[in-house]
Amino acid sequence: MNESQIDLAHTVALGSIGDDDQRAVQELLDSGDPVLRADFTREVQQTRDALAEFASAAATPPPASLRDRLLAAIAEDQTDRTPHPCGCNNRGNSATKH
């Protein structure tokens, strides 16, 4: 594989492939060269494996309070979306007079 093909494999592994790169990948896979296809597929997988290992090594657990804060924010957002009892366009406990 040449340097451009290796870069393309890394782009595929990162999931950041655009239309032009997608066409280049398809051309590479349709090339009829089984060694090139195997090398490309192997490079993509090795890159994905390396990225996954790096991500797991660098990952830190979220603070214990995060779940409670998220659930409270979701509940508050749901309250804001509750229709006003009179059926007007005001939402929730809006202070807007009607």
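The protein chain contains 4 helices and 0 strands, where helices (H or I, at least four residues) and strands (E, at least two) are DSSP runs numbered from the N terminus. The model is a predicted one, in which local features require pLDDT of at least 70 and side-chain atom pairs are counted only at pLDDT 80 or more, whereas totals for chains, interfaces and linings use all residues. Residues are numbered from 1 along each chain as its sequence is written, and side-chain values rest on heavy atoms, with hydrogens and water left out. Read from the N terminus, the order of elements in the protein chain is α-α-α-α.

Of the 98 residues of the protein chain, 15% count as buried, buried being defined as under 20% relative accessible area, exposed as over 50%, and partly exposed as in between (1.4 Å probe, protein chains only). Where contact is taken as heavy atoms within 4.5 Å, 40% of the contacts between residues at least 6 apart in sequence join residues at least 24 apart.

Helix H3, which spans residues 34–58, comprises 25 residues and reaches 36 Å from its first C-alpha to its last, close to the 36 Å expected at 1.5 Å a residue; the expected span is 1.5 Å times one less than the number of residues. The N-terminal end of H3 is capped by Asp 33, a side-chain oxygen of which lies 3.0 Å from the backbone nitrogen of Val 35. The buried residues of H3 are Leu 36, Phe 40, Val 44 and Thr 47, and their cover includes helix H1 (3–14) and helix H2 (19–29). Thr 47 counts as buried because its relative accessibility is 14%; when its neighbours within four places in sequence are left aside, Thr 47 is in contact with His 10 and Ala 13.

Several residues of helix H1 were examined individually. Gln 5, which is found in helix H1, has a relative accessibility of 18% and therefore counts as buried. Apart from neighbours within four places in sequence, Gln 5 is in contact with Leu 28, Leu 36 and Phe 40, and both Leu 36 and Phe 40 belong to the buried residues of H3. Ile 6, likewise placed in helix H1, is partly exposed, because its relative accessible area is 21%. With residues up to four places away in sequence not counted, Ile 6 touches Met 1 and Glu 43; the C-alpha atoms of Ile 6 and Glu 43 are separated by 7.1 Å, although the two residues are 37 residues apart along the chain.

The structure holds 2 salt bridges, a salt bridge being a side-chain nitrogen of Lys or Arg within 4 Å of a carboxyl oxygen of Asp or Glu. Side chains of opposite charge can pair when their charged atoms come close. In one of these salt bridges, Arg 23 is joined to Asp 20, with the closest N and O atoms 2.4 Å apart; both residues lie in helix H2, 3 residues apart, or about one turn of the helix. Arg 23 is partly exposed at 47% relative accessibility, whereas Asp 20 is exposed, with a relative accessible area of 56%. A salt bridge also links the side chains of Arg 42 and Asp 39, with an N to O distance of 2.4 Å, and these two residues lie in helix H3, 3 residues apart, about one turn of the helix. Arg 42 counts as partly exposed at 43% relative accessibility, as does Asp 39 at 24%. An α-helix has 3.6 residues a turn, so residues three or four places apart point the same way.

A nonpolar surface patch of about 280 Å² is made by Leu 70, Leu 71 and Ile 74. Patches consist of residues with over 30% relative accessible area and no salt bridge, like charges being joined within 9 Å and nonpolar side chains (Val, Leu, Ile, Met, Phe, Trp, Tyr) within 5 Å. Leu 71 is found in helix H4, residues 66–80, and is partly exposed, with a relative accessible area of 43%.

Methods:
Polar contact = N/O pair within 3.5 Å; in protein donor to acceptor, adjacent residues only side chain to side chain. Areas by Shrake-Rupley, 256 points an atom, 1.4 Å probe, with all protein chains shown as cover.
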